[in-house]
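Thanks for coming, everyone. Please look at the sequence and the structure first, and then I'll walk you through them.

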Amino acid sequence: MLYGSLGLIYELYTIVVVVLMNYPLKDTSSSSIANNNDTIMTSLSQTNKPILGYWNIRGLASSIRYQLIYSGIEFNEEVYEQGDSPEYSRDEWMKRKYKLGLEYPNLPYLKDDNYKLTESGAIHRYCARKWCPELLCYNDIELYGKAEMVWGVVSDLKGFVTMNCYRGDGDTKSLSNVAIPRFTLVAKQLESNKYLIGDKLCCADFALMELIEMMDYISNGEIYKTYPSLQYYRNRMFSLPKVKEYYEDERSDKARKLQFNNKSAKINN
């Protein structure tokens with residue numbers, strides 16, 4: 001009886017194999033699976049808004065906001081408030097700093113689904129790579145190199161101006177006198193270029209547009225009198241699609257009116 005049952009099972013198995021050989025299953029190759037996964041991931045990325053975390057100021061976050069807006073990406077924010085004088089407590093941030101799962105906890109940070117990133121330059125590049133890759137100029141090696149170069153130049157300018165807002169004596173005239181000359185080379189490039197590297201936008205442009213806004217405030221418009229090309233550039237940047245609408249939208253009024261620096265700074269705090 002046992003041998004008879006085994007024989008029947010073997011015959012059924014043979015029939016199944018033959019059928020499968022003559023009627024192959026729908027293609028489930030790795031490429032098809034990859035395409036399906038891409039579709040799923042695209043769907044997810046469209047429904048889950050990235051989150052930008054930063055102090056309740058403009059600081060390093062405004063340029064990221066402008067880039068995300070230009071790229072057509074909606075995002076949410078997690079905002080931290082520094083305490084008032086004389087302590088200028090950072091407790092609101094410190095209580096969460098090491099609980100967010102950040103590899104290198106810092107502000108600003110970006111949370112995109114389960115991916116988390118800090119350092120403003122890295123955030124700019126990540127956002128460009130994912131949502132607006134033309135900002136990285138990958139298809140032109142010389143423009144790519146130039147985009148990286150001007151990012152370093154603008155970052156140095158931003159660091160110098162911001163540092164002196166915190167560590168200086170609070171005299172905007174003195175800061176203007178030493179900061180404005182540092183924009184000479186950038187202003188000269190923009191006399192003949194639409195943007196920092198020519199006719200194409202790059203990540204550094206969003207950082208520079210915010211820095212020029214800051215210098216306009218600090219110098220009481222003197223930087224535009226010294227370098228008219230910077231004012232033309234500033235107006236050009238704020239006329240970009242989506243950026244213009246955002247800047248003029250009263251819903252973004254709060255972001256525009258935020259202080260450039262935190263409460264512990266001596267200028268625009």
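Buried here means under 20% relative accessible area, with exposed over 50% and partly exposed in between, using a 1.4 Å probe and protein chains only.

A word on the model. It is predicted, so local features need pLDDT of at least 70 and side-chain atom pairs count only at pLDDT 80 or more, while totals for chains, interfaces and linings use all residues. Residues are numbered from 1 along each chain as its sequence is written, and side-chain values use heavy atoms, with hydrogens and water left out.

Back to Q82. Which loop holds Q82? The one between β2 and α4 (91-97). Helices (H or I, at least four residues) and strands (E, at least two) are DSSP runs, numbered from the N terminus. Setting aside residues up to four places away in sequence, Q82 touches W55, Y88, S89, R90, N262, K263 and S264. Contact means heavy atoms within 4.5 Å. The Q82 side chain also reaches the backbone nitrogen of S264, at 3.3 Å.

Next, the strands. β1 (51-55) and β2 (76-80) pair in the parallel sense over five bridges. Two strands pair if DSSP finds at least two bridges between them. Y54 stands opposite V79 in β2. On β3 (residues 109-112), β1 runs antiparallel, joined by three bridges. There, L52 has L110 as its bridge partner. Four of the five residues of β1 are buried.

Now helix α3, residues 61-70. Nine of its ten residues are buried. What covers them? The cover includes β1, β2, α5 (120-131), α9 and α12 (243-248). Just after α3, G72 takes a positive phi of about 80°.

Finally, the cores. A nonpolar core is a set of buried Ala, Val, Leu, Ile, Met, Phe, Trp, Tyr and Cys residues joined through side-chain atoms within 4.5 Å. The largest has 49 residues, and V161, F183, L208 and L230 have the most contacts inside it. α9 gives the largest share of this core, eleven residues. Take F183: leaving aside neighbours within four places in sequence, F183 is in contact with L157, V161, L208, L211, M215, I223, Y227 and L230. A second, separate core of 22 residues includes Y54, F75, L110 and Y126.

How values were computed. Polar contact = N/O pair within 3.5 Å; in protein donor to acceptor, adjacent residues only side chain to side chain.
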